[in-house]
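Colleague: Please take a close look at the aromatic ring pairs of this model. A connected account, with the criteria stated, would be appreciated.

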Amino acid sequence: MNKVKMILDCDTGHDDAIALMLACGNLDIELLGVTCVAGNAGLQHTVPNTLHVVQHLNLPVKVYAGCDRPIVKEQVVADDVHGKSGLDGPVFEPLTISAEQEHAVNFIVRTIMESDGDVVLVPTGPLTNIAMAMRMEPRIVKKIRHISLMGGSLDLGNTTPAAEFNIYVDPEAADIVFRSGVEMNMMGLNLTNRVLATPQIIARMRNIGNKAGNLFADIMSFTLHSQAVNGLSAGPVHDVTAVAYLVAPQLFRMQQMHVEIDISHGPCYGRTVCDIYDRFHLPKNVNVGMDTDLEGFWNLVEQALRNLD
């Protein structure tokens, strides 16, 4: 099969870092670049976090700094979950590489406009960079092959009772992207909270015995307490599912439905309103992740880590 040509747009925290490792380690992906946005932490942290992972594993990919704030609302970060740096836990050597001079939004626009319509966008943070690219050059919309994003939820939120973090940080950006007409899939909390890096999974990856496996273990060990789900000592790897779907869609059960973003500034501000029962009778614009084959998923991650070193 032809390789998936991909831009990873991330706010590098713990699960974004693993998503980057999967994107670089899977032989069916051609990672064209990594663009960074403010989200889990400010841009002054998410860019160096990304560069640390790239440098530590000698990954052959360029990093671009993007938008440092949401389009409309005040900035929100997740330092209670990811720590002050956005990637607390692992210890990295001092940086000797830097981000590219080109702005991430310009890189996204240029890459898509120069493409044959075969570039996939994988946003694993707030959708600010993607929305700004669509606004700056509307012609990219028809040239984006697919968007595979982590965000939202079929059910409840994790930042407010209604809203998931990535969407809540910049609902107006999410609204632009969800109404764009681009074919997309959404990996939301209803699915990703099941994909947990337990102590057993962490030990399994460390036992690979290379730098990538050890980095996975160091990164996800931090989340055993900060991101525990339902009282379990385990951290979800939300963002990794958005990458995994592109190369192994057979591992996921999906359902097509109409999804829109609540931008009413009321108590449901930032909610992904998923019309699972087709009450609105509107076009089904999003393929929503419902379930996944956990054994197959972790086999995919392990093989990517083995390929990295």
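Modeller: Rings of Phe, Tyr and Trp (its six-membered ring) pair if their centres lie within 6.5 Å; planes under 30 degrees apart count as stacked, over 60 as edge-to-face and the rest as tilted. The model is predicted: local features need pLDDT of at least 70, side-chain atom pairs count only at pLDDT 80 or more, and totals for chains, interfaces and linings use all residues. Residues are numbered from 1 along each chain as its sequence is written, and side-chain values use heavy atoms, with hydrogens and water left out.

By this rule there are five aromatic pairs. One of them joins Tyr-168 and Tyr-269, which is edge-to-face because the ring centres are 6.3 Å apart and the planes stand at 75°. This pair links distant parts of the chain, 101 residues apart: Tyr-168 belongs to helix H6 (residues 165-169), while Tyr-269 lies in the loop between strand S9 (252-261) and strand S10 (272-275). Helices (H or I, at least four residues) and strands (E, at least two) are DSSP runs, numbered from the N terminus.

Tyr-269 has a relative accessibility of 8% and so counts as buried (under 20% relative accessible area, with exposed over 50% and partly exposed in between; 1.4 Å probe, protein chains only). Tyr-168 also has the charged end of Lys-73 over its ring, 4.2 Å from the centre; this requires NZ of Lys or CZ of Arg within 6 Å of the ring centre and within 35 degrees of the ring normal.

Phe-297 and Trp-298 form an edge-to-face pair, with 5.0 Å between centres and 80° between planes. Phe-297 is buried at 0% relative accessible area, and Trp-298 is buried at 5%. Ring pairs connect Phe-216, Phe-297 and Trp-298 in a cluster.
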